[in-house]
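Dear colleague,

Please find below the structure that I am handing over to you, followed by a summary of what was found in it.

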Amino acid sequence: MLSAAGTSDARAAVRCAAEILQAGGVVAFPTETVYGLGADARDAAAVKKIFKAKKRPGDNPLIVHVSALAQVESLVREIPPRGELLARHFWPGPLTLVLPKSDLLPAETTAGLNSVAVRVPAHPLALLLLETAALPVAAPSANLSGSPSPTTADHVLADLAGRIDAVLDGGACEVGVESTVLSLLTSPPALLRPGGVTLAQLCAVLGEEVADLSSGAASYEGTPPSPGMKYRHYAPHARLLLVEAGTELEQRIATLAAAMQHKGVTPGLLLTTETAAAFTDFSPLEVLGSQQDPEAVARQLYGAMRRLDSMEIDVIIAEGLPAEDIGLALMNRLRKAASCIYPAPEQNDDKG
Ligand code: TXA
Ligand code: MG
């Protein structure tokens, strides 16, 4: 682990990580969203090491990270006006743009697609690493494929120790869920994955609608607009049962937990502060944060899933939040992770 605790330590650790990248190695590093597992995006052999370390399916393309918009130019055929506008507003930050790709990048990086996903991350260590290495860095989340994304260096090591060259330790990630992925290949632009930048923020800056292709895409027949959509993602080892937000939430969770226990199945709870108040005697219980502060809930989500997973439980019963703003990203991850979703009573009524 490369510790970046003090300023001079940080510079030395980043230099070391940059040298590994330049030599064709793979290094995990913090971004504001989650930790990424980086390699030189132009180097097919280096990129293959990412897929091997993560056990990632070869048809799921990587996001290429650069330190500034100017560095995107050589990676793409063109930056459309919408791209310029969004980059100026949201970079550095948790927004990934899908653009037509140039010939600089090998097929391995983009899984054979003729588009490339690019972003400028906001974490100071990520930016320093990109500037020092002076190369485009392909980086998916630094977890084993299918596990929850890592939001600390310890999470990275829990999944990938012995499989990667180094991890640059920058503490806990600020956003906690992955970036928003927006395709600019179509008009209107298409939201492929909700994330740190919300749909409302995108629409406000663009002054137009964005087509939301991210929901209801957990299991795709045929070719999905984003290859990652067809994989079950973000899932802990224990089965996750998601109870959607709505009336009588505490009652519905208590009934489900009791039914599990009755069957000899041990549940753990993943709840907001408000709902957890009704379960103070329950164990194990992970409290994500207040419903009034969904950003805090997002920050805690993956770490809490991992903590519950390390306990002797069979299922995680998770509470749903309203799917709006950052809650849209949260619910996208929870719904993809869930083996079973219990709709809110209102939705039951709709179905008759
Ligand atoms: O916040 C993040 O985005 C983190 C940090 C490390 O930057 N990275 C991340 O990467 O979450 P990953 O590989 O776990 O997710 C990338 C998603 C996948 O769903 C992938 O299918 C999609 O972006 N993607 C990548 N390139 C694409 C392309 N050319 N067209 C459509 N979707 C693409
Ligand atoms: Mg991932």
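In which loop does Ala134 lie? Ala134 is in the loop between α5 (124-133) and β7 (137-138); helices (H or I, at least four residues) and strands (E, at least two) are DSSP runs, numbered from the N terminus.

Please note that this is a predicted model, in which local features need pLDDT of at least 70 and side-chain atom pairs count only at pLDDT 80 or more, while totals for chains, interfaces and linings use all residues. Residues are numbered from 1 along each chain as its sequence is written, chains are lettered from A and ligands numbered from 1 in the order in which they are written, and side-chain values use heavy atoms, with hydrogens and water left out.

Backbone geometry

Ala134 has a positive phi, near 55°, and is a residue other than glycine. Its relative accessible area is 61%, so Ala134 is exposed (buried means under 20% relative accessible area, exposed over 50%, partly exposed in between, with a 1.4 Å probe and protein chains only). Lys55, which is not a glycine either, has a positive phi of about 55°. Lys55 is placed in the loop between α2 (44-54) and β4 (63-65) and is exposed, at 58% relative accessibility.

Two cis peptide bonds may be of interest to you. One joins Ser187 and Pro188, with omega about 0°, and Pro188 lies in the loop between β9 (180-183) and β10 (190-193). The other runs from Ser283 to Pro284, with omega near -5°; Pro284 is in the loop between α9 (273-276) and β14 (285-287).

Cysteines

The whole structure was searched for disulfides (pairs of cysteine sulfur atoms within 2.5 Å), and zero were found. For Cys173, the closest cysteine sulfur is that of Cys16, 20 Å away, which is too far for a bond. Cys173 is buried, with a relative accessible area of 3%, and Cys203 also counts as buried, at 19%.

Nonpolar cores

A nonpolar core is a set of buried Ala, Val, Leu, Ile, Met, Phe, Trp, Tyr and Cys residues joined through side-chain atoms within 4.5 Å. The largest one has 48 residues, and Leu37, Leu86 and Leu202 are among those with the most contacts inside it. Elements that give two or more residues to this core include β3 (36-40), α3 (81-90) and α7 (199-206), and its largest share, five residues, comes from α2. Leu86 touches (heavy atoms within 4.5 Å) several residues, including Trp91, Leu95 and Leu206, not counting residues up to four places away in sequence. A second, separate core has 27 residues, among them Tyr302 and Ile316.

Yours sincerely
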